[in-house]
Amino acid sequence: MKRKGFNLVEVVIATLIFGFMLASLSSMYTTVNRNMTQDYRQNVIKINTVMAMRTIQQKLMEATKLDVPAFGSSGDELAFATNVDQLSGCYPISTADPVTLHKFCHFNGILYYYTTNLGGGGGGCGSSTPLYWSGGAAAYPACGGGGGGWTSVQLLDHVSPATAVFSRAINERDNVLVNLRVFWDPAVLTVSGANLANAQRSITQSLTTSIKVNIPGQ
């Protein structure tokens, strides 16, 4: 009885076909996984940028005294107070509300947020014993530092502004222009010794918003 089987040529051809199929599947998996990782990272960066801008907007809309930047100037720092009179620096305007200081700033690719409460003891702006806040950049903590009763948060990573992050036009005194630009560069990052530039593309996310500040007396 003759038994049919594969000869050597058929085995070699079948092995080659299987190898090509395996290589194609592996390449497809790598490409899909790379694209999914890229999309996920881009979405995370977009969400973080939007949330950082929303935080700045929410806090800034509560401001009653804006210290930095000054009219017609720009920079990487935004500092302001709530429940403090813009013109005189008297506080508290309302004894029923807290007096809070806020600072947003960019340093070494990170957007920081600082906040603290001013001590009380005065009778308020309408009394004979008000307290006064002088403001100015020197009154707030250095960007990238901490302590001194200030709570600090790293709000956003990979910040790379093309222009100043915060600016106030001289003809728009009640507006603060905020420019957030995030640039994620895989060429400068390594994971377990692997160069991410070989597998990922750079990501740029920009968000610009003009925030109206309702400060009495401006």
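Trainee: In which sense do strand β9 and strand β10 pair, and over how many bridges?
Mentor: Keep in mind that this is a predicted model. Strand β9, residues 166–167, pairs with strand β10, residues 175–184, in the antiparallel sense, over 2 bridges.

Trainee: Which residue in β10 is the bridge partner of Phe166?
Mentor: Val178 is the partner of Phe166 there.

Trainee: And how many bridges join β10 to β13?
Mentor: There are 10 bridges between β10 and β13, and these two strands run antiparallel.

Trainee: What's the strand order in the whole sheet?
Mentor: The order is β2-β9-β10-β13, an open sheet of 4 strands with antiparallel pairing. At the edges are β2 (74–75) and β13 (203–212), each of which pairs on one side only.

Trainee: Is β10 mostly covered or mostly uncovered?
Mentor: Mostly covered: of the 10 residues in β10, 7 are buried.

Trainee: How do side chains sit in a regular strand, in general?
Mentor: They alternate between the two faces of the sheet.

Trainee: Switching to Asp67. Where is it found?
Mentor: Asp67 lies in strand β1, which spans residues 65–68.

Trainee: Why does Asp67 count as buried?
Mentor: Because its relative accessible area is 13%, and the cut-off for buried is under 20%.

Trainee: What does the Asp67 side chain make a polar contact with?
Mentor: With the side chain of Trp133, at 3.1 Å.

Trainee: What else is Asp67 in contact with, leaving aside neighbours within four places in sequence?
Mentor: Besides Trp133, the contacts of Asp67 are Ala79, Phe80, Gly135, Gly136 and Tyr140.

Trainee: Now the surface. Which residues make the nonpolar patch?
Mentor: Ile13, Ile17 and Met21 make a nonpolar surface patch of about 300 Å².

Trainee: Where is Ile17 placed?
Mentor: Ile17 is in helix α1, residues 8–60.

Trainee: Why is Ile17 called partly exposed?
Mentor: Because Ile17 has 47% relative accessibility, and partly exposed is the range between under 20% for buried and over 50% for exposed.

Conventions: Residues numbered from 1 in each chain as written. Predicted model: local features only at pLDDT ≥ 70, side-chain atom pairs only at ≥ 80, totals over all residues. Heavy atoms only, no water. Patch = residues over 30% accessible without salt bridge, like charges linked within 9 Å, V, L, I, M, F, W, Y side chains within 5 Å. Areas by Shrake-Rupley, 256 points an atom, 1.4 Å probe, with all protein chains shown as cover. Salt bridge = Lys/Arg side-chain N within 4 Å of Asp/Glu carboxyl O. Buried < 20%, exposed > 50% of the residue type's maximum accessible area, 1.4 Å probe, protein only. Pairing = 2+ DSSP bridges. Polar contact = N/O pair within 3.5 Å; in protein donor to acceptor, adjacent residues only side chain to side chain. Contact = heavy atoms within 4.5 Å.
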